[in-house]
Each structure stands twice: as C-alpha cells, then as structure tokens.
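Here's a quick briefing to read with the model open beside you. Start with the viewer on the side chains, and take the topics in any order after that.

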Amino acid sequence: LHNKAMNIYEQGLAIKRKDVPSAVVLFKQAFEIEQKAANILKENVNVEPTRSVLYRSAGWMAFNAGMFKEAHEMAVEGKRFCVHSEIKEELEDLFEAAFQKIRQ
C-alpha cells in the first residue's frame, strides 16, 4: 500500500506546477491509500518507526490535498507512540502547519 501511495503522490508532485486540480486529486488518492497502510499498524507499537513514518507520509499527502483536518489527525496519531526524535519533529511540523491552516 505504501509503495502504491508513494507512486501516486510522486505523480501528483510531478504535475503540480502545470495542473494543480489534477495534482490534488492524486494527492487525495495517495492519502487514502497511505492512511489505510498506517491504520493497519495503528495500535502496533512494536513496528516503530515504520508506523509513525506512515502517519507522517499520510499527513503530508492530506496537507498537499488541502485536507488540513485529516493532516492534523495523522500528525496526532503519528506522534502517539513515536520515539524517533527526527520523525517526531517532522510530525510536530505537520501538526503545526495543519493547525495553522485549520485556523485560517
């Protein structure tokens, strides 16, 4: 699921400059797939940091799709069991960025 999501996301990044609406559609598709991958590991703390990485990826995919509430939720869930300092910092950046967009 993760590889499929990343392929779709990268396609979105490649066309974002030329066709923003199509890129957003791809970002949403990628998010939905990555969210499924992350949720498979939702309660499995034994697979850190993979679990948190999936939530981070899903969160940024949602953010780039303009789905700020979902991005914020992914950051919250990703931080829940995260022990890796660099990933935790990236999740915090996502958390703050999404929160700022929600407030606007």
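Being 3 residues apart in helix α4, Arg80 and Glu77 are separated by about one helical turn, and the two form a salt bridge whose closest N and O atoms are 2.6 Å apart. A salt bridge here means a side-chain nitrogen of Lys or Arg within 4 Å of a carboxyl oxygen of Asp or Glu. Helices (H or I, at least four residues) are DSSP runs, numbered from the N terminus.

Keep in mind that this is a predicted model: local features need pLDDT of at least 70, side-chain atom pairs count only at pLDDT 80 or more, and totals for chains, interfaces and linings use all residues. Residues are numbered from 1 along each chain as its sequence is written, and side-chain values use heavy atoms, with hydrogens and water left out.

**Salt bridges**

- The structure holds 7 salt bridges.
- Arg80, from the pair above, counts as partly exposed at 39% relative accessibility, while Glu77 counts as buried at 12%. The cut-offs are under 20% relative accessible area for buried, over 50% for exposed and in between for partly exposed, with a 1.4 Å probe and protein chains only.
- Glu77 also pairs with Arg51, and there the closest N and O atoms are 2.5 Å apart. Arg51 lies in helix α3 and Glu77 in helix α4 (residues 68-81), so this bridge ties together parts that are 26 residues apart in sequence.
- How accessible is Arg51, buried or exposed? Arg51 is buried, with a relative accessible area of 0%.
- Lys79 bridges to Glu92, with 2.7 Å between the closest N and O atoms. Since Lys79 lies in helix α4 and Glu92 in helix α5 (residues 85-103), the pair ties together parts that are 13 residues apart in sequence.
- Which residues end up in one network? Salt bridges that share partners link Glu43, Glu48, Arg51, Glu77 and Arg80.

**Aromatic rings**

- A search of the whole structure turns up 3 aromatic pairs. Rings of Phe, Tyr and Trp (its six-membered ring) pair if their centres lie within 6.5 Å; planes under 30 degrees apart count as stacked, over 60 as edge-to-face and the rest as tilted.
- Tyr9 and Phe27 make a tilted pair, 5.1 Å centre to centre with 45° between the planes. Tyr9 sits in helix α1 (residues 2-15) and Phe27 in helix α2, so the pair ties together parts that are 18 residues apart in sequence.
- Tyr9 is buried at 13% relative accessible area, and Phe27 is buried at 1%.
- Phe63 and Phe68 have ring centres 5.2 Å apart and planes at 65°, so that pair is edge-to-face. Phe63 is buried at 16% relative accessible area, whereas Phe68 is partly exposed at 23%.
- The charged end of Lys79 sits over the ring of Phe95, 4.1 Å from its centre. That label needs NZ of Lys or CZ of Arg within 6 Å of the ring centre and within 35 degrees of the ring normal.

**Nonpolar core**

- Of the 26 residues in the largest nonpolar core, Phe31, Met61 and Ala71 touch the most other members. Such a core is a set of buried Ala, Val, Leu, Ile, Met, Phe, Trp, Tyr and Cys residues joined through side-chain atoms within 4.5 Å.
- α1, α2, α3, α4 and α5 each supply at least two residues of this core, and α2 gives the largest share, 8 residues.
- Leaving out residues up to four places away in sequence, Ala71 touches Gly59, Ala62, Phe63, Leu94 and Ala98. Contact means heavy atoms within 4.5 Å.

**Around helix α3**

- Arg56 is found in helix α3 and, residues up to four places away in sequence aside, touches Ile87, Glu90, Leu91 and Leu94.
- Where does Pro49 lie? Pro49 is in the loop between α2 (20-40) and α3 (50-64).
- A cis peptide bond joins Glu48 and Pro49, with omega about 10°. For context, most peptide bonds are trans.
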